[in-house]
Amino acid sequence: MRDVIVACDFGSAAEALAFLDKFAGCERKPFVKIGMELFYGAGPDIVREIKRRGHRIFLDLKLHDIPNTVRKTMKVLSSLDVDMTNVHAAGTVEMMKAALEGLTRPDGTRPLLIAVTQLTSTSEERMKTDLLIDVPIADVIAHYASNACAAGLDGVVCSPLEASVVKAKCGSGFLAVTPGIRFADAAADDQVRITTPARAREIGSDFIVVGRPITAAPDPVAAYLRCVEEFI
Ligand code: C5P
């Protein structure tokens, strides 16, 4: 199950496809993350095209709306045949259940559904001052993860450093999908809580989401294979 997901954070379909062309001769087809920037810029056709090329897709749109809207939107995403998608756990257990219903196809199959707990850009201070949530951030993450688990979701997006808290709360089969990955000899960029692919495996990540260490590397295929080698 463990895999490396490459964050295809490009502003246009042309750039994303040119990047993926580099992997044409690679023995392993990367699992690709399509985020808001690429999806809103290029539309659902980019999902169809990357799928047609044989990649698995994590569609990272982080839905957060009333349950009825989320249910109907998930039905649309499910018909795009993505492999994984997500919602904000802050949308409540009812919203997460609605997402799961919408995602489930008539034959009972569905993409993996994971929940965003707290964005890594949100500090404990901001939670307190902006959101009036006055408890330790680790408690919020553990609580949101257990809500996602109760709603029947497959896992959460969290920092690799939080994966063990999530597993302890929700069981080892509950997926930890973790960004914030850097090679030991590389720059952190704007990520704060980072770890290496090897360490992410040791502390329980199921999927690592890796952007710039691969997309900005002089040889993206070599960087991807290095991630695979260290993580899987
Ligand atoms: O370039 P980098 O490896 O930092 O990219 C990480 C990817 O993971 C980006 O697509 C970013 O949007 C995403 N992400 C993150 N932190 C979160 C949730 C998602 O870095 N908490």
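What volume does the largest pocket have?

1. The largest pocket has about 940 Å³ of volume, where volume is the space filled by probe spheres set on grid points joined across faces, edges and corners. A pocket here is an open set of points on a 1 Å grid over the protein atoms alone, where a 1.4 Å probe fits, with protein on both sides within 12 Å along at least five of seven lines; lining residues have an atom within 4 Å of a point.

2. A word on the basis: this is a predicted model, with local features needing pLDDT of at least 70 and side-chain atom pairs pLDDT 80 or more, while totals for chains, interfaces and linings use all residues. Residues are numbered from 1 along each chain as its sequence is written, and side-chain values use heavy atoms, leaving out hydrogens and water.

3. Back to the pocket: 34 residues line it, and L119, T120, P179, G180 and Q191 are the closest to its centre. Strand 3 (57–63) gives the most to the lining, with 3 residues. Strands are DSSP runs of E, at least two residues long, numbered from the N terminus.

4. The ligand takes up the space of this largest pocket; sitting in a pocket means that more than half of a molecule's atoms lie within 2 Å of its grid points. The residues around the ligand include K33, T120, P179 and Q191, each with a heavy atom within 4 Å of it.

5. Now for the polar contacts (pairs of N or O atoms within 3.5 Å). Oxygen atoms of the ligand lie 2.7 Å from a side-chain N or O atom of D9 and 2.9 Å from one of R182. G211 takes part through a backbone N or O atom, 2.8 Å from a ligand oxygen.

Conventions. A polar contact is a pair of N or O atoms within 3.5 Å; within protein, one must be able to donate a hydrogen and the other to accept it, and residues adjacent in sequence count only if both atoms are side-chain atoms. Helices (H or I, at least four residues) and strands (E, at least two) are DSSP runs, numbered from the N terminus.
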